[in-house]
Amino acid sequence: MNTPQVVVVMGVAGTGKTTIGPLLAARFGVPYAEADDFHPQANIAKMSAGVPLSDDDRLPWLDAIGDWARGRAGLGGVVSCSALKRSYRDRLRAAAPDVVFLHLTGDRALIEDRMSQRQGHFMPTALLDSQFATLQPLQPDEAGVAVDVTGDPEEIAEQAAAALAALPEPAS
């Protein structure tokens with residue numbers, strides 16, 4: 001990427017957004033923001049109790065992430081955000097039109113295994129099925145790339161950086 005862009009690292013829980021995001025930000029020399037930090041406490045309480053969030057629950061969270069991305073326009077940045085539905089990504093693009101998406105994809109069994117090994121995270125493995133049911137992969141008209149999460153974090157970050165670098169520059 002020649003122009004500093006804001007990259008939204010998306011995907012279901014357990015794909016490595018909070019691992020790959022900072023690695024990617026370091027490669028690009030831009031700040032990283034963790035989407036979980038944008039959740040209101042009520043959302044965290046719901047997810048901790050194993051209750052999936054509704055779209056209404058997600059709107060203030062998405063708006064806060066969109067505000068961060070808009071503030072980084074032209075400067076670049078990386079933010080993690082599940083962005084599972086097209087409507088969520090559309091909302092982020094409405095706030096920050098030039099964001100690009102990095103969709104971390106993977107086999108359900110691999111992701112469940114990774115989630116079961118996490119310590120101290122509020123998202124229980126029990127919600128993984130709801131995440132996959134909600135997921136709407138990137139469409140051809142959405143600026144972004146999909147990268148499989150098989151491999152170690154450095155390999156995934158390298159693949160992601162290469163795929164993002166190959167994207168066409170946004171129209172100004």
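## Secondary structure

The protein is built from seven helices and five strands. The model is a predicted one. In sequence order, the elements of the protein run β-α-β-α-α-β-α-β-α-α-β-α.

## Burial, contacts and surface

The protein has 172 residues, and 42% of them count as buried. Among contacts in the protein with a separation of 6 or more, 75% are between residues 24 or more positions apart.

## Packing of helix 1 and helix 7

Helix 1 spans residues 17–28 and helix 7 spans residues 153–165. The two helices pack with their axes 9 Å apart, at an angle of about 55°. The crossing of helix 1 past helix 7 is right-handed.

On the helix 1 side, the contact is made by Thr19, Ile20, Leu23, Leu24, Arg27 and Phe28. Helix 7 contributes Pro153, Glu154, Ile156, Ala157, Glu158, Ala160, Ala161 and Leu164. Sorted by class, this contact between helix 1 and helix 7 holds 10 nonpolar, one polar and three charged residues.

How values were computed:
Residues are numbered from 1 along each chain as its sequence is written. This is a predicted model: local features need pLDDT of at least 70, side-chain atom pairs count only at pLDDT 80 or more; totals for chains, interfaces and linings use all residues. Side-chain values use heavy atoms; hydrogens and water are left out. Axes are lines fitted to C-alpha atoms, for helices over the stretch in contact, and angles run from 0 to 180 degrees between N-to-C directions. Helices (H or I, at least four residues) and strands (E, at least two) are DSSP runs, numbered from the N terminus. A crossing is left-handed if the near helix is turned anticlockwise from the far one by less than a right angle, and right-handed if clockwise. Contact means heavy atoms within 4.5 Å. Ala, Val, Leu, Ile, Met, Phe, Trp, Tyr, Cys and Pro count as nonpolar, Asp, Glu, Lys and Arg as charged, and the others, Gly among them, as polar. Buried means under 20% relative accessible area, exposed over 50%, partly exposed in between (1.4 Å probe, protein chains only).
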